[in-house]
Amino acid sequence: MATLSSSTPTPSHPTTTSPWTRGARTLTDEQEVVWGVWMAGSFISLLSAGLVIAIILFFSRNQLRSSRLVLAIASATFLESVSALLSWITFEFESPLMCRFQGALTQFSQLSMFAWTFIISLDLYLHVVKGVSVSRSHELIYHSFSWGFSLLFTILPLSTDAYGPTGVWCWIRSDERGQVWRWIVFYLPLYGVIMGTIFLYSLVIRKVRTRVQVSYFLIFSSSLPPPPSPHHPPLLVRIDILFLLLLSLFSSSHPINRAKLNLSSLD
């Protein structure tokens, strides 16, 4: 007669999969594509931002206010690229501490990127539309707002230990509490910055267009060139406006793309 121990099957317990097994070695085909594109784009962004920073610092271009604004947004872009490349280390060594650090750095750098995008549009608005002579004290306010705002909205999720693995990277977790934090400290500020930046740029473009039309009218209605106006932006200022406009729009596309990826089904 068979004993009870030999005939009774051993109860099986369901196995739980650690979130750290969702690293680079266990990705789905879709995640592999996203991971590769994201890593390649982050590496190119790192090189580009580093080149811009080197040019401004080593060629003394930081004497111009526009160059200092570019230096700030390039520094934020450089930090964001570093945080993206840290994803490989995070999942390769399955380090919870590194994951939290990378998630916080990602949050801080991306907030800084679109904060400086808004600051650039505000600076153009004050200079072109309002005719304000932007001084160093204004720049101090710019830095206090951008870095301070980013730091505050990075620290807040730490109060509930909200940073952790979220698919192929680390950021604010995708659980119910994490989703609330995402909207409070990322998506709502992002959408506000986008709308504010578009509004300010529309005012700048309308003002510049009006001045150009007035200049053409004065040139063709008189044989003499129009007298220079103290509030009329010279050619170099217009070049700075165009350059900062293109740079800020390019830089803001990175956190926007990140937002779309995090809203996808990769979590």
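What is the relative accessible area of Trp147? Please also describe the helix that holds Trp147 and the packing of α4 with α5.

Analyst: Trp147 has a relative accessible area of 24%, which makes it partly exposed.

Some conventions come before the rest. This is a predicted model, in which local features need pLDDT of at least 70 and side-chain atom pairs count only at pLDDT 80 or more, while totals for chains, interfaces and linings use all residues. Residues are numbered from 1 along each chain as its sequence is written, and side-chain values use heavy atoms, with hydrogens and water left out.

Trp147 sits in helix α5. Helices (DSSP runs of H or I, at least four residues) and strands (runs of E, at least two) are numbered from the N terminus. The protein chain holds 7 helices and 2 strands, in the order α-α-α-α-α-β-β-α-α from the N terminus on. Of its 267 residues, 41% are buried. Between Trp147 and Met113 there are 34 residues of sequence separation, and their C-alpha atoms lie 9.7 Å apart.

The partner helix is α4. It has 34 residues, and its first and last C-alpha atoms are 49 Å apart, close to the 50 Å expected at 1.5 Å a residue; the expected span is 1.5 Å times one less than the number of residues. Because 25 of the 34 residues of α4 are buried, this helix is largely enclosed by the rest of the structure. After α4 comes Gly131, with a positive phi near 70 degrees.

Two packed helices are described by the angle between their axes and the distance between the axes. Axes here are lines fitted to C-alpha atoms, for helices over the stretch in contact, and angles run from 0 to 180 degrees between N-to-C directions. For α4 and α5 the angle is about 150 degrees and the axes are 8 Å apart. The two helices are therefore roughly antiparallel; that label covers angles over 145 degrees, whereas under 35 is roughly parallel, 65 to 115 is roughly perpendicular and the rest is oblique. By class, the contact of α4 with α5 has 16 nonpolar, 6 polar and 1 charged residues. Ala, Val, Leu, Ile, Met, Phe, Trp, Tyr, Cys and Pro count as nonpolar, Asp, Glu, Lys and Arg as charged, and the others, Gly among them, as polar.

α4 also packs with α3, at about 160 degrees and with axes 8 Å apart. That pair is therefore roughly antiparallel too, but its crossing is left-handed. The contact of α3 with α4 has 16 nonpolar, 11 polar and 3 charged residues. Within α3 there are Thr77 and Trp88. Thr77 is buried at 12% relative accessible area, and its C-alpha is 7.3 Å from that of Ser45. Trp88, by contrast, is partly exposed at 44%.

Beyond α5, the loop to β1 holds Leu158 and Asp161. Leu158 is partly exposed at 46% relative accessibility, and its C-alpha is 8.3 Å from that of Ala104, 54 residues away in sequence. Asp161 is partly exposed at 38%, with a positive phi near 50 degrees. Most residues other than glycine have a negative phi.

Technical notes: Buried < 20%, exposed > 50% of the residue type's maximum accessible area, 1.4 Å probe, protein only. Left-handed = near helix turned anticlockwise from the far one by under 90°.
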